[in-house]
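Hi,

Here is the structure I promised to hand over. Have a look at it first, then read on for what turned up in it.

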Amino acid sequence: MNFYQDNKSLAFYLNHPKMEEIVRMKENDFVDAENDELAPKNVEDAIDNYDKVLDIVGELCGDVLDPNAEAVDIEGPKIVDNAIVYAKGTQQNHEAMRDAGLYGMALPRKYNGLNFSYVPYVMAAEMVSRADAGFANIWGLQDCAETILKFADDAIKDEYLPRIYKGDTCSMDLTEPDAGSDLQSVQLKATFDEKANCWRLNGVKRFITNGDADIKLVLARSEEGSTDGRGLSLFVYDRKEKAVTVRRIENKMGIHGSPTAELVFNNAPAKLVGDRKMGLIKYVMSLMNGARLGVGAQSVGLAEAAVRDAEEYADQREQFGKKIKEFVAVQDILDLMRAKTDAARSLLYETARYVETNKKIADMLTPVLKMFASEWANQIAYDDIQIHGGSGFMKEYKCERLYRDARILTIYEGTSQLQVVAAARFLGNGAYLKYIADLDNFEYAEELLPLRDKLRAMTEKYKEIFDLSGNKETHHRRLVEAVGFIIMGYLMLQDTTRCADFRKSCENIIKLGQGEIAKTYEYVKE
Amino acid sequence: MQKKDFQIVVLAKQVPDTKNVGKDAMNADGTINRAALPAIFNPDDMKALEMALMCRDILKKENIDVKVTVITMGPPRANEIIREALYRGADNGFVVSDKRFAASDTLATSYALSMAIKKLGHYDVVFTGRQAIDGDTAQVGPQTAEKLEVPQITYADELIAVTPEMIRLRRVLQHGIEVVETKLPALVTVHGNAHDCRSRHAHLVIKKKNTEIPMWTADDINPDFDRLGGKGSPTKVKNIENVVLAKKESITVSSDDEGIKGLIEDLTAAHIF
């Protein structure tokens, strides 16, 4: 089984027209082609490299990660001699990905990376999540390297970045018992040790994903007497220092492949990343946007797993003398599951493209993606169980694990409610409407114009709702949802123009959005 | 004195993927319709490649310069499996291809392969899969060893030790296992139970995707032309029949100790177990 080959949508987005511009920028017009065997010679060569490497990821996801997922869910990680030991399958997954040279694919080549653009990297994350959403955290936390690359000095980069390729794992140690969503309240203390000429970290971190990672980015209070986010700095800690105690592993509802730990920092030596006081306001915000997009990929991957699981079951299970997929009520659920997955994926890769070409639009789309994809992944996992009927309630079936794994997606890296807060400012300043106008300005296929007109009508309706709502905070979620439906409708329509296979999902998502916006109108009007 | 370089040869075959058989898989005369089946790296040969790479890993730690070379005989497009081997870590590879090899049986094939190996000059160990999924003869490996006049270890499923002078392997046999050792050079045929081959490596795929794969013709391996192809193949296929196994009767075994004991006795008596 190959998760890249069996999902043609991935190659479709990999060959999106905007990829040319992205590749050119990423490869700086191919200056390295002469002297580096790993550097592509031109756009086609780069896309071919992406395709070939994604094929390896797809094969490992299908042949190693996915078959391990059930045992990993049962076994989970444990603490042995103050170290976290992964479940056997998790360890195998990690080694398989490392031995295939797949860690650090987005890092520059001088750090043993492949300098891949963000789109193929996110595709890899999507496939990994489809196989095992828990392992996707361990794999995905290599995002921390991006933060080191962007903000740390050369000495730190040279020390840490080449280790990613060798399979050293990362964690971002942000939350504490009294600082969850509210990171401004972080208390873990950083003091400069003049004698040892390094920073020392003391305090407790809680709910740390992959808590016993080799390389840790730690948010800590470096400014004595400060109380808000401006007193926080970001540090890098090396596990080799052995100055952190793993106090416990949380007993979670799902994603058992991903250990979540409570940690005690005992005078732990650490290095400052970038400038003091910029920890939360600049670096963590940047890290967070990457992580939110990562949860978007994780959600789409899990949704894909659930849709396929449901489709397969509905094709096998017979009742009243026929396959259950032949019942309208069942097919209706399947169609909407597929439409939501396709639409969320379209938004995922649109956002990923903008991360490299237009940060403002990426920042604007990220919360919409995070909210929709994670909420829909939950709905789709719920529907997967529904399709399975009584069997779906039994532990023996995969849908039960997917349902539990999905639940965290709307919570971590910023709850859906916090995504609305992040998106709200783009409602008021008209940024979403401007972006929607740009989406409308596209050469849609003739036969799709009636659908485009529906989207125009939905946009008009949204404007009315916005005026009626007075942009009040109580209505922000509904407004962001309306915007999300319109954006995904347009994106699906562009996809359908390029490939007719998306037609059904496109029609369904526009229909669903139309209904939701009409409901919102009535609700806000009251 | 320690040898400073160590040459490993892997013999591999591109075969039709008989696991994914469609309705057009067989020709009317009972032969395989190769065009209708995807071509893959013969599974046992892939395991032979892994064993070769494991040998290289071990010997490299002793600072020995080790090269793994893959040779395949087949049509020009068999270079696909050479590339696949390069992606997984082989150092280089050749396709031996010529119309004059057509219709080779195992005798002619092993002759051509042995001549290709000799052309490489020095070699220390040759690995190949126990058998190919299209022919299932398991003869080419042993016959090649005969022609090279080197010792052979067949049905190896685990590499236990290798040094520049010897190799020690575990063999799987019908009634158990045995551990054997031979001095080198030698030829090893690898059983399907052996370790799966490592994955393609992202960096190797990018570096080697455009590598030119050299092709050798019959002239390049200096053969006795009478021993090649149909001319060198005494095996003549008279007829191929498609045998479909069908269930003729069923028996019910009670799920207690006695029933199971009876079942074991019956299977043993019928030489199935």
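The buried residues of α6(A) are A:A133, A:G134, A:F135, A:A136, A:N137, A:I138, A:W139 and A:G140. "Buried" has a cut-off here: 20 or more other C-beta atoms lie within 10 Å of the residue's own, while 12 or fewer makes it exposed and anything in between partly exposed, with C-beta atoms placed from the backbone. Helix α6 covers residues 133-140 of chain A, and eight of its eight residues are buried, so the helix is largely enclosed by the rest of the structure. The helix and strand names are DSSP runs numbered from the N terminus (helices are H or I with at least four residues, strands are E with at least two).

Before you go further: this is a predicted model, where local features need pLDDT of at least 70 and side-chain atom pairs count only at pLDDT 80 or more, though totals for chains, interfaces and linings use all residues. Residues are numbered from 1 along each chain as its sequence is written, and chains are lettered from A and ligands numbered from 1 in the order in which they are written.

Staying in chain A, strand β7 (residues 232-238) is mostly covered too, with six of its seven residues buried. Seven bridges tie β7(A) to strand β6 (residues 215-221) of chain A, and the two run antiparallel; two strands pair if DSSP finds at least two bridges between them.

Next, find A:G296 in helix α9 of chain A. Is A:G296 buried or exposed? It has 34 C-beta neighbours inside 10 Å, so A:G296 counts as buried. Leaving aside neighbours within four places in sequence, A:G296 is in contact with A:L348, A:T351, A:L369, A:K370 and A:A373; contact means that the C-beta atoms, placed from the backbone, lie within 7 Å. A:G296 and A:L347 are 51 residues apart in sequence, yet their C-alpha atoms are 9.2 Å apart in space.

A:L347 comes up again in the largest nonpolar core, which has 232 residues: A:L201, A:F235, A:L347, B:V10, B:L49 and B:A112 touch the most other members. A nonpolar core is a set of buried Ala, Val, Leu, Ile, Met, Phe, Trp, Tyr and Cys residues joined through C-beta atoms within 7 Å. Helix α9 (residues 279-316) of chain A supplies the largest share of this core, 17 residues. In chain B, B:L49 touches B:V10, B:A12, B:V70, B:A85, B:R88, B:A90 and B:C197, not counting residues up to four places away in sequence.

Now for chain B itself. Its secondary structure comes to six helices and 11 strands, and buried residues make up 40% of its 273 residues. Along its principal axes, the C-alpha trace of chain B spans about 65 × 45 × 40 Å.

Nine strands of chain B form an open sheet with mixed pairing, in the order β9-β8-β7-β10-β6-β1-β4-β5-β11. At the edges are β9 (176-183) and β11 (215-216) of chain B, each pairing on one side only. Helix α1 (residues 43-60) of chain B packs on this sheet, touching β1, β4 (65-73), β6, β7 (152-162) and β10 (186-190) of chain B. Of the 18 residues of α1(B), 13 are buried.

Inside the sheet, β1 (residues 5-12) and β6 (residues 125-129) of chain B run parallel, joined by four bridges. B:L11 has B:T128 in β6(B) as its bridge partner. β7(B) and β10(B) also pair in the parallel sense, over three bridges, with B:A156 opposite B:V190 in β10(B). On the other hand, β7(B) runs antiparallel to strand β8 (residues 166-173) of chain B, with five bridges, and these two strands form a hairpin with three residues between them.

Finally, where the chains meet, the contact takes 15 residues from chain A and 10 residues from chain B. On the side of chain A that touches chain B, α3(A) gives the most, with six residues.

Cheers

Methods:
Two residues are in contact if their C-beta atoms, placed from the backbone, lie within 7 Å. Axes are lines fitted to C-alpha atoms, for helices over the stretch in contact, and angles run from 0 to 180 degrees between N-to-C directions.
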